[in-house]
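Please keep the sequence and the structure in view while reading.

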Amino acid sequence: MTAVVEVLAPGPYATVQDLGRPGYAHLGVPRSGAADRPSLRLANRLVGNAETAAGIELTLGGAALRFTAGTWVAVTGAPCPVEAAGRPAGTDAPVWVPPGGVLRLGVPRRGLRTYVAVRDGIGVERVLGSRSTDSLSGIGPPPLRAGATLPVGAGAVAAAIIADFAAPPPLPRHPVVRVLPGPRDDWFVPEALAALCAAAYEVTADSNRVGARLRGAPLERARSGELASEGMPLGAVQVPPGGQPIVFLADHPPTGGYPVVGVVAAADVPLVAQARPGDLLRFRLVRRAARHRETAHHRETADRPGGARQEA
């Protein structure tokens with residue numbers, strides 16, 4: 001009999017996520033995948049899975065999961081209280097859950113998204129090569145509900161568990177993210193990028209996996225009208241007519257018609273994804289002359305667990 005995870009309580013919002021489905025933007029399909037990819041990669045490595053295995057992404061914790069068979073799990077991302085089969089457990093470490101045991105996760109102390117990896121992976125059906133839930137297009141498995149069951153086992157053989165714990169850098173209380181000038185910064189007054197970086201922006205409750213909507217100093221345009229829809233990268237800082245920026249996250253649309261004043265560095269997008277409503281977020285401009293110096297660092301740290309995080 002196939003082992004399953006029974007969802008007793010999903011918390012405010014929970015989905016199955018892997019590293020997404022790249023390569024379909026020309027068909028209008030977002031990449032999706034974990035909003036904080038380094039945290040999912042780390043959780044998978046802690047239980048011996050391939051980094052590409054599907055796990056569970058929780059928003060603001062509050063979940064309870066029952067396991068029909070004994071297995072190893074790992075909890076990473078936004079740190080929260082963890083209880084396995086009635087006993088306290090830790091994050092960023094392999095945790096044994098006995099047959100019939102329940103894994104309970106509380107509300108994170110800091111951050112927004114927590115990841116649960118299960119040894120052998122969550123084995124829901126793939127859609128376009130991925131098991132990820134896409135909240136924008138509706139592709140993939142539906143968001144988790146109480147009573148849902150998830151099969152364990154994705155076909156790949158898990159490796160030996162070789163780590164007792166990991167120590168990723170803590171999530172910062174007030175994240176500062178690097179931003180590169182965008183392809184349409186000429187649609188804004190010359191002072192717009194300086195204004196973006198001059199003061200903190202508040203993450204609003206309208207934020208989701210599509211994008212982090214911010215509230216702060218409005219960015220003034222130099223040109224009126226709208227653009228024809230064009231390609232949008234992960235981390236694009238799009239600015240609607242009201243002047244309040246939106247940072248595109250995992251489920252962002254492949255195209256958009258509002259001008260992009262900047263693009264968040266790839267290594268720092270997980271910081272934005274972990275910012276919860278009410279948190280303050282600041283931008284630091286990376287000048288064009290400095291882009292080449294930072295490119296190697298971005299590539300090195302973008303997918304390293306905790307590589308994009310800063311000290312609190």
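In which sense do E12 and strand E19 pair, and over how many bridges? E12 and E19 (residues 260-264) pair in the antiparallel sense, over three bridges. Here strands are DSSP runs of E with at least two residues, numbered from the N terminus, and two strands count as paired if DSSP finds at least two bridges between them. Within this pairing, Pro181 stands opposite Gly262 in E19.

The model is predicted, so local features need pLDDT of at least 70 and side-chain atom pairs pLDDT 80 or more, while totals for chains, interfaces and linings use all residues. Residues are numbered from 1 along each chain as its sequence is written, and side-chain values use heavy atoms, with hydrogens and water left out.

Strand E12 (residues 176-181) also pairs with strand E20 (residues 280-285), in the parallel sense and over four bridges. In E20, Phe283 is the bridge partner of Val177. E12 is mostly covered, with five of its six residues buried; buried means under 20% relative accessible area, with a 1.4 Å probe and protein chains only.

Another part of the model holds an open sheet of six strands, in the order E7-E6-E9-E4-E1-E11, with antiparallel pairing. Its edge strands, E7 (87-89) and E11 (149-151), each pair on one side only. Neighbouring strands of this sheet are turned by 25° against each other on average, direction ignored; the axes are lines fitted to C-alpha atoms. Strand E1 (residues 4-10) is joined to E11 by three bridges, and the two run antiparallel. Glu6 stands opposite Thr149 in E11.

Gln238 lies in strand E16 (residues 236-238). Gln238 counts as buried because its relative accessibility is 6%. A polar atom of the Gln238 side chain lies 3.4 Å from the backbone oxygen of Tyr258, where a polar contact is a pair of N or O atoms within 3.5 Å, one able to donate a hydrogen and the other to accept it.

Finally, the structure holds one cavity of 30 Å³ or more. A cavity is a set of points on a 1 Å grid where a 1.4 Å probe fits but cannot get out, and lining residues have an atom within 4 Å of a point. The largest cavity contains about 60 Å³ of space, a volume being the space filled by probe spheres set on the points. Its lining includes Arg110, Leu171, Pro175, Gln274 and Asp279. By class, five lining residues are nonpolar, two polar and three charged; Gly counts as polar here, and Pro as nonpolar.

How values were computed:
On a 1 Å grid over the protein atoms alone, a cavity is a set of points where a 1.4 Å probe fits but cannot get out, and a pocket is an open set with protein on both sides within 12 Å along at least five of seven lines; lining residues have an atom within 4 Å of a point. Axes are lines fitted to C-alpha atoms, for helices over the stretch in contact, and angles run from 0 to 180 degrees between N-to-C directions. Buried means under 20% relative accessible area, exposed over 50%, partly exposed in between (1.4 Å probe, protein chains only).
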